[in-house]
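I opened my notebook to write down what I looked up in this structure, entry by entry.

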Amino acid sequence: SSHEHKLNFKKSKEVCLSYIQDAMLQKQWKRAAEFLTFYTESLEKDFSTQYMGPSEMIWRIGTEILCHHSHSSMKEFNSFTEQMKTLGVKRYLKVCLEHAFHLLCNGLIDEAYQNLSLAESWRFGEQTAIQDKEMKLIQAYRGLLDYYSWSKQKTILLEHGQDGFEDLSVEREMHSCFRKAAVNLKEIIKIPGVWDLFVKCYVDLLEFYGDHNEARQVLNEYAYNSKFPANPNAHVYLYQFLKRHGESKKSLISALKILHDIVPSHELMIDFNTMLQKSKKRKKRRLGLEVIFAALDYAGWKENVKAWSCLARQVKQIVISEKHLDWIKQEWNSRKDWWPAFHFSRYLAKRNWQENESLSYEKAVVAGILLGKDCKYFKYVSHQGCKAQVKRFRTLKKFVNKHNPVYLRISG
Amino acid sequence: RDFNERCAQCSEVNWGLTDGGRFYCRSCHNVTERTREVVNADFISNARIQTISKGLRKQEKTDGGCEWYVCEGFQLVLKKQAEALEALGVCPQMKDEILCNFWRRYLQKSKQAYCNRPAGETVKALSVCDSSTDVDSEPERPSLLHLSLSESEGDLQTDCSFASSTSRVSESTSVCSGSVDGSLYLMKNQREKLRMTMPMTLSFCYMALLWLREPMTLSDLLRFVVEGHIPYLNVFQHFPEKMKLCGLDLKIFCVESWPVYEEVYNKMLELAAFLDLPRFPDITDSCFLHPDMLCMKYLMEANLPDELHNWTCRVVKKICIGEADFLTLVPGNKSTRNVKYDVLAAAVIVVVLKLLFLLDDHYEWLLSDFAEESNKNNKEGGPYFEFKKWYKVIKCSLDVEQKKLDEERAKYLWRCEKPLFYSAKKKSKVLKRRQMVVNLQNQFGKLSGSVQPAEKPKPSSFQLSWSEENTDGSCFHGHSLKGILQEKCGLLTAMNPAYWLCTVKLCTEKLCGHLAHYREVDFPQSYHFVLRLFSFILRIQPSYIHDEVCVIEHKLFNKKLCKKSKYNTGLRK
């Protein structure tokens, strides 16, 4: 490699920066700090139109170093960040926000609150309008901290209430926190985005003060407004709300339907299947079967007894009624090539039997029906079960033997 | 002043003083025969040059500054540089006489002083290079001059179209620069005059060093600059308080890159021609700059055996580059190629290494093994030189030093305490930024651990040094070349019979600026390694050394090249 013997300001700062980056990648914080001291003078030539100029670099790098360096303290960090705030007015609110996050991560909630409040009151000509997004975030997080205070006071009140005390000042505090929080939280969730935490808190507030309509509207918006990015949690929150308020099965089911579409492996699929199985409508029961099969496609569900028991119950019920065997056939069609190895191998049979008898039982039910009495899994488990003289296995064996022809119809 | 007569032409009372001491009317430029009474005896004994436009120059401006001209600034720079060179051991003659006179001559030739005034210029009084009178002494003008160049003695006539142009100067400059003529300076037409720049100050220095034949090459000089021993970067911080820099001055005096060898060298040649200098003092074989001497130095620094010196001398003699006529600078003489002494010496060594070791990535290692064998049997006398051992030692050191140098480049600081601002408006912002930089440096400096800011290393002529006292055998100065030489007709010649030319044909310098084109991949690695070594020592690109090597080879094998026949015979004396 040819070593240049020329050097100018720009080049030497580029080289310096690469040394800093190397040191940081290797977590050599002292070395990074050392080279950063030589890089800082690039601030004196900061008329760059680059996307990321020296002042932003120094802010980001300095923050990283101060976060990780063993000798650095919160005090140092604060003093550094305050300087960074004065460096670039275009970045002011962003720096404030990140500063607040850092304080929160270190448990300094009051300081974070002060910071956010201070930032909220910042005005700087047309910059205020340009940095509108950051401002909304600052207000939202401050609202969140207001919620947090509210929550603490609520707890105090309830405790006092139990002890028979009445505490007017705390109550007043609490209500004022509520108002502050509500205003800001409401604002941010209007903007399309992912605001799980804010939504939850806001809904909590609304529910406490009895404004269920508003709460429902907020959750519906969050879940169904197409401008918002697809977010499984939105549906979960809505479902949980509806459940809390004793809504009809119909609305619960419709809330979970979309969740199934987005995240077939969601843990709520069990609830979903349970509701659907019990439904009087044929379509719903059919959907239930689809849901539970889909869930068990995922490796994370392999050892979930509850899920297997749902599936077992449903296929058993279908087999006994001798109606809708075609449903099973349809579901099994795309799975018959890989489920046997995935769920019903001999190895798994052994393991399941050793580790979890209930699991092996439920799986055996399913295996026996889908793969017949001669399949590895069923044979092994039922044999073991009968040997151990566990009653239900004997019952199971009889059942599968009786309905064996069904398997032939399914697999054919 | 106290001349209150009405002008004959325009009846105004608005008088100024010409250089000749005559009054002239500022409104209509009518020159009278009335002369100013000489008040001071001092006045008579020295020819003085006064500022024309405003009698005495304006003393204090609102910010405590005074008027100053760009070339005064440069004069100060040169003075500081000369002082630093004196501190490094250069003889005081350089500062007091040589550099001074060069500078004065330059001012004269470029019509900035000591001469008839063309339109658009103001005359200024300059202080001498002596330490006694200085720019920052009494604010009154004019100051004294010791004149040793005959052209500047006596009365100087003035141009009458003066007043209008000077007012133009003062209008435009007060806004754009701290100096009076900053903006005018940058607008100047380049063709006749050689405009002064910061790199050119080094050209001046080098020219003076060369005139005195001081033991400092251009690469040494530039290295001292980069290491901070010679004021160059931020030299304006030595300007007196009253000389305020702002606006366009920054473009003139602010340096943001290391001086480049080629640039400084070429400017020096231009300058020497511009100043109509005569033939420089002869470079003889007792001079430091003579290839025989420099080769010795570089051989030592490259940790090569002293015996190689015989060979370098032979090459030098053979191609006649040791002649005073070849080595001495004759300004303006385009027919002779100008000599870069340091590059030349390095190139000679490279050629010698090629002669003895071939450096084709095979032969040198073979020879080394051969020498190693001989060394096993050779118990008495000094060890034979083994290329392999030398290569390992040098590579190790070179890598370490190069790494240090790379880090130094990353850590180079360009700014200084004295802040610079383009205009008064920006001043507060600049100061705030500077303060923040200092704060950040302190904050992160503490987190750097126990790393102390390194003290400026003492300036040294050698970057690499090897001592024969080291018992680890890492010094090769005393090693013998016997292992790779053979006796032939009573003379020691190289065992290597072959040679490869770096290039068959030299380029025309005028067309592409180079005599040859060096690409690392086209040449053997050993050759590249040797180039890299000297490239590090001289702080220049390997291609410059390569160019010089090509030229030397062409001189050396001139006859054979002319014959255009294959050459397999070795070099014989």
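Helices here are DSSP runs of H or I with at least four residues, strands are runs of E with at least two, and both are numbered from the N terminus. The axes are lines fitted to C-alpha atoms, for helices over the stretch in contact, and the angles run from 0 to 180 degrees between N-to-C directions.

I noted which residues meet, where contact means heavy atoms within 4.5 Å: on H20(A) they include Tyr361(A), Ala364(A) and Val365(A), and on H22(A) they include Phe393(A), Leu396(A) and Phe399(A). By class, I found 8 nonpolar, 3 polar and 2 charged residues in the contact of H20(A) with H22(A). In this sorting Ala, Val, Leu, Ile, Met, Phe, Trp, Tyr, Cys and Pro count as nonpolar, Asp, Glu, Lys and Arg as charged, and the others, Gly among them, as polar.

I must keep in mind that this is a predicted model, in which local features need pLDDT of at least 70 and side-chain atom pairs count only at pLDDT 80 or more, while totals for chains, interfaces and linings use all residues. Residues are numbered from 1 along each chain as its sequence is written, chains are lettered from A and ligands numbered from 1 in the order in which they are written, and side-chain values use heavy atoms, with hydrogens and water left out.

I then compared helix H20 (residues 357-371) of chain A with helix H21 (residues 376-387) of chain A, which pack at an angle of about 135° with their axes 9 Å apart. That angle makes H20(A) oblique to H21(A). Ser360(A), Lys363(A), Ala364(A), Ala367(A) and Gly368(A) of H20(A) make the contact with Tyr377(A), Phe378(A) and Val381(A) of H21(A), and by class this contact has 5 nonpolar, 2 polar and 1 charged residues.

Is Gln83(A) buried or exposed? I found Gln83(A) in helix H4 (residues 74-87) of chain A, and at 15% relative accessibility it counts as buried, a word that means under 20% relative accessible area, with exposed over 50% and partly exposed in between (1.4 Å probe, protein chains only). Leaving aside residues up to four places away in sequence, Gln83(A) touches Met436(B), Asn439(B), Leu440(B) and Gln443(B). Pro54(A), which lies in helix H3 (residues 54-68) of chain A, is buried with a relative accessible area of 8%.

**Positive phi in chain B.** Most residues other than glycine have a negative phi. I therefore marked Asn234(B), which has a positive phi of about 60° although it is not a glycine, and which is buried with a relative accessible area of 7%. Leu358(B), in the loop between helix H13 (341-357) and helix H14 (363-377) of chain B, has a positive phi near 70° and is buried at 8%.

**Chain B as a whole.** I counted 20 helices and 5 strands in chain B, and buried residues make up 51% of its 573 residues.

Notes
Parallel < 35°, antiparallel > 145°, perpendicular 65-115°, else oblique.
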